[in-house]
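Here is a short report on one protein model. Keep the structure in view as you read.

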Amino acid sequence: MSLTSLPVQDISDTAFLTAFYRVLESDRPDAHFQDPYARILAGTRGQQVLQQMPQQEAHAPGCIVRTCVMDELIIQSIEQGGVDAVLNLGAGLDTRAYRLPVPASLLWIEVDFPTVLDYKASKLASIKPGCRLKSVPLDVTNSQARQRLFRDIGSETKKVLIVTEGLLVYLNPEQVAALARDLWAQPQLSWWLTDLASHSGLQLIQNSLDQATANGEAKLQFAPAEGTNFFWQLGWETTEFRSLLEEGQRLQRLDLPEALLALLSSPEHQESLRKLVGFALLRRSEKDNHS
């Protein structure tokens, strides 16, 4: 099997599409970030997937906003939270270890299926990351394997930021709860950054992706009714939540209809709209809240 033309079941079309969206942003004169490695990873597949999308580039802004906000919160956690390692679960075709201005001493651990990591390694073989990069081939839903990994990471780090970008939505609530408990079990795993959708937000995402994922993509599942309180019950408290709609306006990447803007500024609807889709920075609670 050629690593330059992987089948969809090995690397999802959404991973190639996300990488190509980063290409589009990097090419803009007013780009919020530069990702010179996205084009290498997206290859021709990324553009092919984009052309299959019903509205093509209309779906790019949400991905760009997510990238920008998570970039900011990762840097913030390293600079202000004392983080000495980042654990990127379900890393996909992410390039932050190469492009973010992080300390050279930082340990960046990316976890994904072997074929994904092999593909990325082959494409970026001649490029040096900006920090200490470690790739771990592992299925994050394998509880025994991930528990061993978390124990190993805990033995060589002091304060770890976990990143789950575009991952939890593919898991069911029981799987997310089990993951949260396994992370909490290791004291060095201190911070957790994730994207999160409400039930309504999940429906919007699913509807927008249905035609693009007709090839058998995993079903979108996780959208807890209790929002970030889902994690509080498992020992993780929310220190910051950023709304996709609000951040999209701040970054000038989401053009919202006047009617939606009016609702977003209305106290009656503001909170539910804010939490349609957002980004949560969680901190390990000293108190064990979970049962």
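Which strands each supply at least two residues of the lining of the second largest pocket? They are β5 (189–197) and β6 (236–243). Bear in mind that this model is predicted.

**The pocket**

The second largest pocket holds about 170 Å³ of space. Rolling a probe the size of a water molecule over the atoms shows where empty space is left. The lining includes L196, A197 and S198. P224, A225, E226, G227 and T228 also line this pocket. So do T238, F241 and K275. By class, the lining has five nonpolar, four polar and two charged residues.

**A bent helix**

Now turn to helix α2.

| Helix | Residues | Note |
|---|---|---|
| α2 | 38–52 | kink of about 60°, centred on T44 |
| α1 | 13–26 | among what covers the buried residues of α2 |
| α5 | 114–123 | among what covers the buried residues of α2 |

Which residues of α2 are buried? They are A38, L41, A42, G46, V49 and L50. An α-helix has 3.6 residues a turn, so residues three or four places apart point the same way.

**One serine**

S285 sits in the segment after β7 (277–284). Is S285 buried or exposed? S285 counts as buried, because its relative accessibility is 8%, and the cut-off for buried is under 20%. Leaving out residues up to four places away in sequence, S285 touches W184 and G235.

How values were computed: Residues numbered from 1 in each chain as written. Predicted model: local features only at pLDDT ≥ 70, side-chain atom pairs only at ≥ 80, totals over all residues. Heavy atoms only, no water. Bend = angle between axes of the 7 residues up to and from the residue. Helix = DSSP H or I, 4+ residues; strand = E, 2+ residues; numbered from the N terminus. Buried < 20%, exposed > 50% of the residue type's maximum accessible area, 1.4 Å probe, protein only. Contact = heavy atoms within 4.5 Å. 1 Å grid on protein atoms, 1.4 Å probe; cavity = no way out; pocket = protein on both sides within 12 Å on 5 of 7 lines; lining within 4 Å. Points joined across faces, edges and corners; volume = space filled by probe spheres on them. Nonpolar A, V, L, I, M, F, W, Y, C, P; charged D, E, K, R; others polar.
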